[in-house]
Amino acid sequence: MRQNQADGKQRADDAVKALEPIDRFREKWKVKVGGHVQLDFITWANAAPSIPDTQNYFEFRRLRLLADGTGYGVYDFRLQMTLEPETVGETQPLGTVSTPDVKDAYFSVNEIPWLGRFRIGNFFVPFGLEQVTNDTNNVFLERSIPTQGVFCADREVGIAFYNCSENERITWTTGTFIDNITDSLKERIDDNQGYRLAGRATWIPYYDEPSNGRYMMHLGAGILHTDDHDDRVRYRARPQIHEGPRIIDSGTLEASSFTTGNLEWALVMGPVTFQAEAFLSQPHLINGPTTTVNGCYFHGSYFVTGENRIFQKFGQHGAQFGRNEPFSNLFVVPGEISWGALELKSRWSHLDLSQTAAGQYNDITVGFNWYWSDRVRWMFDWIHPYTSADAIYGETSSDILAMRFDFNW
C-alpha cells in the first residue's frame, strides 16, 4: 500500500515537472563538429600566348575543420580553420611561421529586442548576395569576378547587427570592421587601423509559402565604405579559378578611401533560378580626378531532375541561398538505381576598369553540377575569359576546364 502511494506521488511530481516551463536560458552549449573538403582539377585547354604561368594544377581548394554550437537560449558560435596550403605565388617569406588560417570565428546573441542578432568576431562582411552565400551552396566553382576580392570584402574582424520583419521578407544588416585583416595573421599593430562600414537591405516581394519558396523573388541593395589603413586600393582579378595569373589589374591606386554600392536580384521559378548583381565603386584618389569602376554578373541554373535552389529568408548571414537537396540521393542497390540531382548552369561576368586605364574583363561560363546528396557533389565548369586591348596582357581569349569534388559534413 505504502509503495503504491509512493509510486503515485512520484508520478504526480513527474507530471507537474513535465508541465513546468523549460528554462532554455540555462541550457549549456550544444556543439557539433564538421568539416569541408574540395578537390580541384584545373586545365588551361586554350591559353592566350601573352598570359604567363597558365599551368594546369590540382589542389585542395578547401580543407577545413569547424565547430559550431548553440546554447543558453540565444547564443551561437562558429569556429572554422583552414588546413589547405597557401595560394601559389602568395606564400609567406622564408622563415615565417605558417599557421592555419582563421575563417569563421564569431559569437552571436539572438532575439535582442529592436536589434535582432548581434555578432562579434571574424565573419563575412554583410555586402552582396553571392558573397554571403556559403561556398558549399553557390552554383559555380568560384564566385563571380566582381564579387570576392574585387568589390566585396571577405571575412573581417568586426561587429554587426542583423534583423528582419516578422515574416522575414524584409531584412537589414549593419556592421563595422577593421580594414583587411589577413586570415593568417589576425592582428594589426598600427596607429591607423582602418575601418569598413557595411549596410545591406533586402526584400522578398513574392514568396510562395505552400511550396516553401519554390517560387520567389529577391531584391537587395548594399553599401560598403572603406577608410583604408594604408591609403591604397587595387582592383584585380584572375579568371574564375583559385590559382593562376591575374589578367586584369588596376595597379595600386593612392586613395584615402573608397565606397562601393550594389544591387541584388534573384528569381526562383521551380527548377529554374536566375541571379544577378551590379556594382559601382568610387576610389577617393589622393591625387587625381574622380574615378569610378564597375562590374556585374548574371547567371542561370536549371535542375533537370526537378529540384529547386533553396533560399533562406533570414539565414546565417541574412538573406542568402541555402543548401540544395536532391529529391533522391545517389544509390545503387539490387533492382533499383537513383542518380541524384543534375543542375545545368551558365554565367556571364563583367569587370570594367577603363577609368584606371586597365581595360575590361568578360567571361562566359557553362557547366553542370551532379549532386549525390545534399552534402556531396561534382562540379564542372568551362570558363571562357577574354580581355580588352588595354588590359594588363592586352586583348586575350582563353578556355579553362575546371572540375571539383566537394563533400562536407
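D40 and R404 form a salt bridge, with their closest N and O atoms 2.7 Å apart. This pair links distant parts of the chain: D40 sits in strand β1 (residues 30-46) and R404 in strand β24 (residues 399-408), 364 residues apart. Both D40 and R404 are buried. The model is predicted. A search of the whole structure finds 18 salt bridges.

**The R78–D68 pair**

- R78 forms a salt bridge with D68. The closest N and O atoms of R78 and D68 are 3.0 Å apart.

**The R155–D104 pair**

- R155 forms a salt bridge with D104. Here the closest N and O atoms are 3.1 Å apart.
- R155 belongs to strand β6 (residues 155-164) and D104 to strand β4 (residues 102-112), so this pair ties together parts that are 51 residues apart in sequence.
- R155 has a relative accessible area of 8%. The cut-off for buried is under 20%, so R155 counts as buried.
- D104 has 3% relative accessibility. D104 therefore falls under the 20% cut-off and is buried as well.

**One network**

- Salt bridges that share partners join five residues into one network: D68, R78, D104, D154 and R155.
- The network takes in both residues of the R78–D68 salt bridge. It also takes in both residues of the R155–D104 salt bridge.
- Side chains of opposite charge can pair when their charged atoms come close.

**Strand pairing around β20**

- Strand β20 (residues 341-352) pairs with strand β15 (residues 293-303). The two strands run antiparallel, and 10 bridges join them.
- C296 has H350, in β20, as its bridge partner.
- β20 also pairs with strand β21 (residues 360-373). This pairing is antiparallel and spans 12 bridges.
- D352 has Q360, in β21, as its bridge partner.
- β20 thus has antiparallel pairings with both β15 and β21.

Conventions. Residues numbered from 1 in each chain as written. Predicted model: local features only at pLDDT ≥ 70, side-chain atom pairs only at ≥ 80, totals over all residues. Heavy atoms only, no water. Helix = DSSP H or I, 4+ residues; strand = E, 2+ residues; numbered from the N terminus. Salt bridge = Lys/Arg side-chain N within 4 Å of Asp/Glu carboxyl O. Buried < 20%, exposed > 50% of the residue type's maximum accessible area, 1.4 Å probe, protein only.
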